[in-house]
Amino acid sequence: MILRVLIFLHRWVGIALCLLFLLWFPSGIGMMYWTFPAVSNSDRLDHSPKLNPSMIMLSPTEAAGKVGVQEISPDEIRLNTFDGRPVYRLGGGRGGSHIVYADTGEEQTEVSSEMRHRIAAAWTGQPTDQASLESVQEVDQWTVSGRLRNLRPLYKYSWPDGQQVYIAGHSGEVVQYTTFGTRLAAHVSAIPHWVYYTPLRKNQRAWVRFVVWTSGIGTISAIIGIVIGAWMYSPKRKYRLAGKPTGIPYRGQKRWHTILGLIFGIATVTWTFSGMLSMDPFPSLQSPPPAQSGGDDSDTDSRPSVADGLRGRVAMADFESVDPRGLLARVPSL
C-alpha cells in the first residue's frame, strides 16, 4: 500500500510539474551563456567619459560635509561623471541620495529633461531625437528586479537599432540597458529559469511563494522517485522478464525511466532543492535583514559579509590620507 501511494504521488506530481521542469532544464543551459540584462560596474566604465583628476577639488569627506552627512560608510560613496562633470554620489541605493559636484561642492538637486537627454545620448553614442521616450511608472519586463522598484519614475529611451536605456529620474543615472540581442537571450535563459514573467514577477510575494513551493514540491517528488526506484530494484535479480531474471520489473520506457531516475535522481534533488534555498525560504535561520521594499535582490543588506568578518568594517577615517586626484593620476589607464 505504501509503495502504491508513493508511485501515485510521484506519477501525478511529475505530470503536474513536468512542463515547468522542462522549462527549467534548457533555460539552465542558456544561463551558462546569458543572463538577465543589467548595468554592471564594467558597463558603467565602458560608457562613461574619463575622469579628469584636475577637476576634483573635494575629498569624499568634504563632499559629505557639504550636504550635512556626518556618518557614512565608504561603500555608500561613488565618484563618477555626471553630465560631463565629476560628482560624488552619496548614500545607499542606485544613484545615491545626494549628488555633489567634486569640482565646486554644489549639490545637484534636480535632474532636468535636457540632462537626461545628454546622458542617454552619451551612453549610446546616438542623438536622442532619433529615440522614442517613455515614462515608466509601472514595472515592465526589464525593470522587474528588486533594485529597480524604488527608482521610479524611470525614463526609457528606445532607438531603432534595438538599444534601450532606462534613466532614473531622481539621480540621472542609467540603471538599465538592453539591446535586441540581450533581450532575446534573456527569453531563453534568465526569464524562464527565474520565472521572470512580468504578470507574476511584479507581485513580489506571489512570485517568491510560487518558486519556493514548486521547487519544494519538485524536490519531494524527486526524492519519492529515488525511494521507489531503490525499493523496486533487486540486486539479486528476483524478478523475471520474458523468462529471464532481472533486477528491474519493467520493460520499455518505464525501465529506462527507472534506470535514468536512479542515475540522475540525486543530481535532480540537489539541483531543485538548491533552487528553493536560493529564495531564502527559512528566514528564521538567518540574521534578520533590514526592513526594505526593494525585493529579493535589493542593494541594501546589513548582514555582515565574510570580508567584514576578516578585516572589520571599513570606515571613512581609513581614507583620510587618500587624495582622489593623486589616486587617479597613478592609474591613467583606468
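Me: How many helices and strands does the chain have?
Reply: In this predicted model, the chain has 11 helices and nine strands.

Me: What share of the chain counts as buried?
Reply: Of its 334 residues, 38% count as buried. The term stands for a relative accessible area under 20%. The chain exposes about 19700 Å², and carbon and sulfur atoms supply 61% of that area.

Me: What share of the contacts join residues at least 24 apart?
Reply: The share is 59%, taken among contacts between residues at least 6 apart in sequence.

Me: Why is Arg44 said to form a salt bridge with Glu173?
Reply: The rule asks for a side-chain nitrogen of Lys or Arg within 4 Å of a carboxyl oxygen of Asp or Glu. The closest N and O atoms of Arg44 and Glu173 are 3.3 Å apart, so the pair meets the rule. Arg44 belongs to helix H2 (residues 41-47) and Glu173 to the loop between S6 and S7, so this pair, 129 residues apart, links distant parts of the chain.

Me: Why are Arg44 and Glu173 called buried?
Reply: Buried means under 20% relative accessible area. Arg44 has 9% and is therefore buried. Glu173 has 5% and therefore also counts as buried.

Me: How do you know that Arg78 forms a salt bridge with Glu173?
Reply: The closest N and O atoms of Arg78 and Glu173 are 3.0 Å apart, and the cut-off is within 4 Å. The pair links distant parts of the chain, with Arg78 in strand S1 and Glu173 in the loop between S6 and S7, 95 residues apart. Arg78 has a relative accessible area of 27% and is partly exposed.

Me: Which residues are linked in a network of salt bridges?
Reply: The network links Arg44, Arg78, Arg89 and Glu173. In the chain, the count comes to seven salt bridges.

Me: What makes Glu106 and Arg85 a salt bridge?
Reply: Their closest N and O atoms are 3.8 Å apart, which is within the 4 Å of the rule. Glu106 lies in the loop between S3 and helix H4 (113-124) and Arg85 in strand S2, so the pair ties together parts that are 21 residues apart in sequence.

Me: What is the strand order of the open sheet that has three strands?
Reply: The order is S1-S2-S3, with antiparallel pairing. Strand S1 (77-82) and strand S3 (98-101) each have a single partner strand, so they stand at the edges, and one side of each is left without a neighbour in the sheet. From one strand to the next the twist averages 30°.

Me: How do you know that S2 and S3 pair?
Reply: Two strands pair if there are at least two bridges between them. Strand S2 (residues 85-90) and S3 have four, in the antiparallel sense, so they qualify. Arg89 stands opposite Ile99 in S3.

Me: What makes S5 and S6 a pair?
Reply: Five bridges join strand S5 (residues 154-158) to strand S6 (residues 164-168), and at least two are needed. The two strands run antiparallel. Ser158 stands opposite Gln164 in S6.

Me: Why can Ile15 belong to a nonpolar surface patch?
Reply: A patch residue must have over 30% relative accessible area. Ile15, in helix H1 (residues 2-31), is partly exposed at 46%, so it passes that cut-off. The patch covers about 660 Å² and is made by Met1, Val5, Phe8, Leu9, Trp12 and Ile15.

Me: Why is Leu277 called partly exposed?
Reply: Leu277 has a relative accessible area of 40%, and the term covers values between under 20% and over 50%. The residue lies in helix H9 (residues 253-277). The C-alpha atoms of Leu277 and Val212 are separated by 8.1 Å, while the two residues are 65 apart along the chain.

Terms used:
Residues numbered from 1 in each chain as written. Predicted model: local features only at pLDDT ≥ 70, side-chain atom pairs only at ≥ 80, totals over all residues. Heavy atoms only, no water. Patch = residues over 30% accessible without salt bridge, like charges linked within 9 Å, V, L, I, M, F, W, Y side chains within 5 Å. Areas by Shrake-Rupley, 256 points an atom, 1.4 Å probe, with all protein chains shown as cover. Buried < 20%, exposed > 50% of the residue type's maximum accessible area, 1.4 Å probe, protein only. Contact = heavy atoms within 4.5 Å. Axes fitted to C-alpha atoms, helices over the stretch in contact; angles between N-to-C directions.
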